[in-house]
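Biologist: I am new to this kind of structure and would like to learn how to read one. Could we go through it feature by feature?

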Amino acid sequence: LLYKSSLKSIDALANMGNNLKPMKKLFGNYILEHSCTLLPSERGSGKTFLGLQNCIAISSKWKFFLNEEINLYGNTLFVNHELNEEIISRRISHLFKAPPYPIDQTEFRTMVYTTRGSFEEEVENIIRIIKTYKPVLVVLDNYRMAFINSDSNSNKEVSKSMKQILTLKDSLNTTILLTDHTRKHTRHLLTDSDLQSGSGVKSDLVDSDMFLRRSSQNKDYRILKRVKSR
């Protein structure tokens with residue numbers, strides 16, 4: 001992957017910004033086109049379900065998902081680094097049983113790529129799939145399994161991993177949702193970007209982060225909170 005550098009005067013950039021159209025929404029203001037969003041979540045709280053449902057909502061041309069507007073539709077790609085194909089098939093079957101809106105995969109489709117390989121091992125295959133299907137949203141589930149060969153607590157190694165993800169996003173003109181975990185023993189702490197596991201470089205480099213958390217009032221409820229947004 002090659003990242004295209006540029007040199008422009010500040011007034012040229014200002015004029016360019018004035019002529020840019022508003023960013024389209026893939027999940028309200030939580031996920032905007034051509035962005036990279038980090039989704040840390042406590043284990044078992046439903047981040048995989050959320051990513052899959054968001055992909056289905058976009059490819060099925062739902063106008064809303066969880067009451068958040070969607071106005072950009074197209075193919076979507078879910079890169080599954082964590083679950084085997086049987087388990088994720090069972091989860092997806094539940095999503096198809098009682099969707100809030102009809103699931104229509106005729107014009108656009110959600111593709112699921114299941115692999116036990118790391119992101120570095122699979123990047124060529126992922127690039128090929130993105131070039132073939134041109135997804136408007138790519139969900140990478142999850143950071144720890146995708147970069148299992150690197151130290152998630154090392155700022156240097158996490159910076160290198162994030163550079164790969166951001167370069168993929170920019171060079172292939174797509175949007176990326178990166179799922180992650182929160183730190184252990186943080187269930188009762190207030191939501192903050194530092195709640196994510198490992199190095200905080202991830203939150204520093206993404207365009208936004210949002211946290212999926214269990215409600216303290218009801219174990220079946222979830223809270224989705226956006227913390228950072230550029």
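The dialogue below takes up the sheet, its helices, some single residues and the pockets.

Modeller: Keep in mind from the start that this is a predicted model.

Biologist: Let us begin with the sheet. How many strands does the open sheet have, and in what order?

Modeller: Strands of a sheet pair through backbone hydrogen bonds, either parallel or antiparallel. Here seven strands form an open sheet with mixed pairing, and the order across it is β7-β6-β8-β9-β3-β10-β11. The edges are β7 (110–114) and β11, each of which pairs on one side only. On average, neighbouring strands of this sheet are turned by 20 degrees against each other, if direction is ignored.

Biologist: Which strands does β8 pair with, and in what sense?

Modeller: With β6, the pairing is parallel and covers five bridges. An example is Val138, whose bridge partner in β9 is Ile176.

Biologist: And how do β10 and β11 run, parallel or antiparallel?

Modeller: They run antiparallel, with seven bridges between them. Phe211, for instance, stands opposite Lys225 in β11.

Biologist: How do I read the side chains of a strand? Take β8: which residues point one way and which the other?

Modeller: In a regular strand the side chains alternate between the two faces of the sheet. In β8 (137–141), Leu137, Val139 and Asp141 point one way, while Val138 and Leu140 point the other way. A residue counts as buried when its relative accessible area is under 20%. By that cut-off, five of the five residues of β8 are buried.

Biologist: What of Arg183 and Thr110?

Modeller: Those two are 73 residues apart in sequence and 30 Å apart in space, again C-alpha to C-alpha. Arg183 sits in the loop between β9 and α7 (201–205). Leaving aside neighbours within four places in sequence, Arg183 is in contact with Asp194, Leu195, Gln196 and Ser197. With a relative accessible area of 37%, Arg183 is therefore partly exposed.

Biologist: Now the backbone. Which residues have a positive phi although they are not glycines?

Modeller: Two can be named, His34 and Lys134. His34 has a phi of about 60 degrees and lies in the loop between β2 (31–32) and β3. Lys134 has a phi of about 50 degrees and is found in the loop between α4 and β8. His34 is partly exposed, with a relative accessible area of 40%, whereas Lys134, at 61%, is exposed.

Biologist: Where is there a cis peptide bond?

Modeller: Look between Asp141 and Asn142, where omega is about 0 degrees. Asn142 lies in the loop between β8 and α5 (143–146).

Biologist: Last, the pockets. How much space lies in the largest pocket, and which strands supply its lining?

Modeller: The largest pocket holds about 290 Å³ of space. β10 (208–214) and β11 (222–229) each supply at least two residues of the lining. Among the lining residues are Arg187, His188, Arg213, Arg214 and Lys225. By class, the lining has three nonpolar, four polar and five charged residues.

Biologist: And what lines the second largest pocket?

Modeller: That pocket has about 240 Å³ of space. Its lining includes Leu20, Lys21, Glu33, Lys169 and Asp170, and also His34, already met for its positive phi. The classes here are two nonpolar, three polar and four charged.

Technical notes:
Residues are numbered from 1 along each chain as its sequence is written. This is a predicted model: local features need pLDDT of at least 70, side-chain atom pairs count only at pLDDT 80 or more; totals for chains, interfaces and linings use all residues. Side-chain values use heavy atoms; hydrogens and water are left out. On a 1 Å grid over the protein atoms alone, a cavity is a set of points where a 1.4 Å probe fits but cannot get out, and a pocket is an open set with protein on both sides within 12 Å along at least five of seven lines; lining residues have an atom within 4 Å of a point. Grid points are joined across faces, edges and corners, and a volume is the space filled by probe spheres set on the points. Helices (H or I, at least four residues) and strands (E, at least two) are DSSP runs, numbered from the N terminus. Ala, Val, Leu, Ile, Met, Phe, Trp, Tyr, Cys and Pro count as nonpolar, Asp, Glu, Lys and Arg as charged, and the others, Gly among them, as polar. Two strands pair if DSSP finds at least two bridges between them. Axes are lines fitted to C-alpha atoms, for helices over the stretch in contact, and angles run from 0 to 180 degrees between N-to-C directions. Contact means heavy atoms within 4.5 Å. Buried means under 20% relative accessible area, exposed over 50%, partly exposed in between (1.4 Å probe, protein chains only).
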